[in-house]
Amino acid sequence: MKIFSLIFVLIFSLAVLPTYAKLADDLNDLVGYTITASKTINRWYDDEKGNDTFEGCDHGRVIVFDDNTSLTCAEYGYQYVYRPTAIILTRKITSKGKSFYDVKMVVGDEIYDMRK
């Protein structure tokens, strides 16, 4: 029985390690960002259609939150979730005397580039 438990732990550990490695890589890309909000996604719309489920991002798609604020997707990524929580991250960037914010949105295990 002990050997079975040891084999189970070894196999489980090997299966979980890649997940943690990906998380560390993803978080490494977010060094310098600040969590500025946690919001529930209410709906989305773009030029062609809209829906009250989150279906990921497409360039120019507007994501609307429960508080009626919104962000616009700056990249493509598919994900299907009903009313997920989104974590909003920002980083202030100053260039040539002008400041702006780089915005990321985390939904589940996906990170999206966004625009205000």
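One disulfide was counted in the protein, which is represented here by a predicted model. The bond joins Cys57 and Cys73, whose sulfur atoms are 2.2 Å apart. Cys57 is located in the loop between strand S2 (50-51) and strand S3 (62-65), whereas Cys73 belongs to strand S4 (residues 70-73); the pair therefore ties together parts that are 16 residues apart in sequence. The torsion about the S-S bond of Cys57 and Cys73 is about -60°, and the disulfide is therefore left-handed. Both cysteines, Cys57 and Cys73, are buried.

Of the 116 residues in the protein, 28% are buried. Among contacts in the protein with a separation of 6 or more, 48% are made by residues 24 or more positions apart.

Analysis of the pockets gave a volume of about 180 Å³ for the largest pocket. Ten residues line this pocket, and those nearest its centre are Leu23, Asp26, Gly108, Asp109 and Ile111. Helix H1 (residues 2-28) contributes the largest share of the lining, namely five residues. By residue class, the lining of the largest pocket comprises five nonpolar, two polar and three charged residues.

Definitions and conventions:
Residues are numbered from 1 along each chain as its sequence is written. This is a predicted model: local features need pLDDT of at least 70, side-chain atom pairs count only at pLDDT 80 or more; totals for chains, interfaces and linings use all residues. Side-chain values use heavy atoms; hydrogens and water are left out. On a 1 Å grid over the protein atoms alone, a cavity is a set of points where a 1.4 Å probe fits but cannot get out, and a pocket is an open set with protein on both sides within 12 Å along at least five of seven lines; lining residues have an atom within 4 Å of a point. Grid points are joined across faces, edges and corners, and a volume is the space filled by probe spheres set on the points. Helices (H or I, at least four residues) and strands (E, at least two) are DSSP runs, numbered from the N terminus. Ala, Val, Leu, Ile, Met, Phe, Trp, Tyr, Cys and Pro count as nonpolar, Asp, Glu, Lys and Arg as charged, and the others, Gly among them, as polar. A disulfide is a pair of cysteine sulfur atoms within 2.5 Å. Buried means under 20% relative accessible area, exposed over 50%, partly exposed in between (1.4 Å probe, protein chains only). Contact means heavy atoms within 4.5 Å.
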